[in-house]
Amino acid sequence: FYCSYVKKSENEVLAVIRDINSRKQTELALENELRFNSIISSLSMKFINCNEDEIDLILNNALSEVGKYFEVDRVYIFEFDFPNRKMNNTYEWCASDITPEIENLQGMDIDLIHGFVNLMLNKKVFIIDNIKEYEDENTRKLLEPQGILSIIIHPIFIENECFGYVGFDSVKSFRKFSQKEISFLSLFSSL
């Protein structure tokens with residue numbers, strides 16, 4: 001609320017009280033949208049202008065920035081190794097109180113989660129709002145030991161070949177991912 005006073009006379013005061021909650025909410029939404037657009041623009045420029053030896057640093061910084069912006073617990077990139085039927089977690093950012101899983105997620109057998117891999121190959125987004133209710137036991141057995149409660153993953157294609165995927169994990173609480181998060185992962189996967 002905004003309040004202002006005007007003294008009319010010795011015994012009278014005029015008070016004006018306005019509810020500015022909707023205005024403040026609009027301002028916050030605009031600031032958030034500007035920050036989002038700034039992140040997209042900044043990441044795009046960094047990827048366009050980077051040298052090969054800068055990619056690791058840029059990707060790690062990008063995952064950190066994105067994780068903090070969306071307030072997720074983990075952000076990561078996996079790469080598929082189809083000739084060897086494996087996948088590897090190549091980049092990961094975790095919130096300060098979240099256990100990293102990158103070391104545990106190397107050389108994973110993609111044949112154990114063929115349904116998930118088929119989604120990626122068919123350019124589908126993988127979303128689980130509540131892992132405890134997810135039907136595929138193999139996928140659940142892979143995700144639950146990591147403490148994952150909710151997850152969203154978007155495939156990465158390079159020159160029409162499925163390279164891997166980028167994803168967000170929610171570990172502290174169940175989460176319904178927004179359309180904005182889905183759209184962002186789509187943009188990020190195409191950078």
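User: What share of the protein's accessible surface belongs to carbon and sulfur atoms?

Analyst: Heads-up: this is a predicted model, where local features need pLDDT of at least 70, side-chain atom pairs count only at pLDDT 80 or more, and totals for chains, interfaces and linings use all residues. Residues are numbered from 1 along each chain as its sequence is written, and side-chain values use heavy atoms, leaving out hydrogens and water. Accessible areas come from the Shrake-Rupley method with a 1.4 Å probe, and for residues only the protein chains shown count as cover. The protein's accessible surface comes to about 11,800 Å², and the share that belongs to carbon and sulfur atoms is 50%.

User: Which pattern does the protein follow along the sequence?

Analyst: Helices (H or I, at least four residues) and strands (E, at least two) are DSSP runs, numbered from the N terminus. The protein has 5 helices and 8 strands. Read along the sequence, they give β-β-α-α-β-β-β-α-β-α-β-β-α.

User: What percentage of the 191 residues is buried?

Analyst: A residue is buried at under 20% relative accessible area, exposed at over 50%, and partly exposed in between (1.4 Å probe, protein chains only). By that rule, the buried part of the 191 residues is 37%.

User: Within what arc do the buried residues of helix α5 fall?

Analyst: Helix α5 covers residues 179–189, and its buried residues are Glu 181, Ile 182, Phe 184, Leu 185, Phe 188 and Ser 189. Picture looking down the axis of α5, using the directions from the helix axis to the C-beta atoms. The buried residues line one face of the helix, because they fall within an arc of 160 degrees.

User: Which residue's backbone oxygen lies 2.9 Å from a polar atom of the side chain of Ser 189?

Analyst: Ser 189 sits in helix α5 and counts as buried because its relative accessibility is 8%. A polar contact is a pair of N or O atoms within 3.5 Å; within protein, one must be able to donate a hydrogen and the other to accept it, and residues adjacent in sequence count only if both atoms are side-chain atoms. At 2.9 Å from the side chain of Ser 189, the backbone oxygen belongs to Ser 186.

User: How far apart in space are Val 166 and His 154, C-alpha to C-alpha?

Analyst: Val 166 is in strand β8 and is buried, with a relative accessible area of 1%. Contact means heavy atoms within 4.5 Å, and, not counting residues up to four places away in sequence, Val 166 touches a set including His 154, Leu 185, Phe 188 and Ser 189. Val 166 and His 154 are 12 residues apart in sequence, while their C-alpha distance is 5.5 Å.

User: What is the relative accessible area of Ser 170, and is the residue buried or exposed?

Analyst: Ser 170 is found in strand β8 (residues 161–170). Leaving aside neighbours within four places in sequence, its contacts include Asp 73, Gly 147, Arg 175 and Phe 177. A polar atom of its side chain also lies 2.5 Å from the backbone oxygen of Ser 173. Ser 170 counts as buried, because its relative accessible area is 3%.

User: How many disulfides are there?

Analyst: A disulfide is a pair of cysteine sulfur atoms within 2.5 Å. Cys 94 is buried at 18% relative accessible area, and Cys 162 is buried at 11%. By the sulfur distance rule, the number of disulfides is 0.

User: What positive phi does Glu 71 have, although it is not a glycine?

Analyst: Glu 71 lies in the loop between α2 (55–70) and β3 (74–81). At 64% relative accessibility, Glu 71 counts as exposed. Its positive phi is about 55 degrees.

User: And what positive phi does Lys 123 have?

Analyst: Lys 123 is in the loop between α3 (114–121) and β6 (126–128). It is partly exposed, with a relative accessible area of 48%. Lys 123 is not a glycine either, and its positive phi is about 60 degrees.
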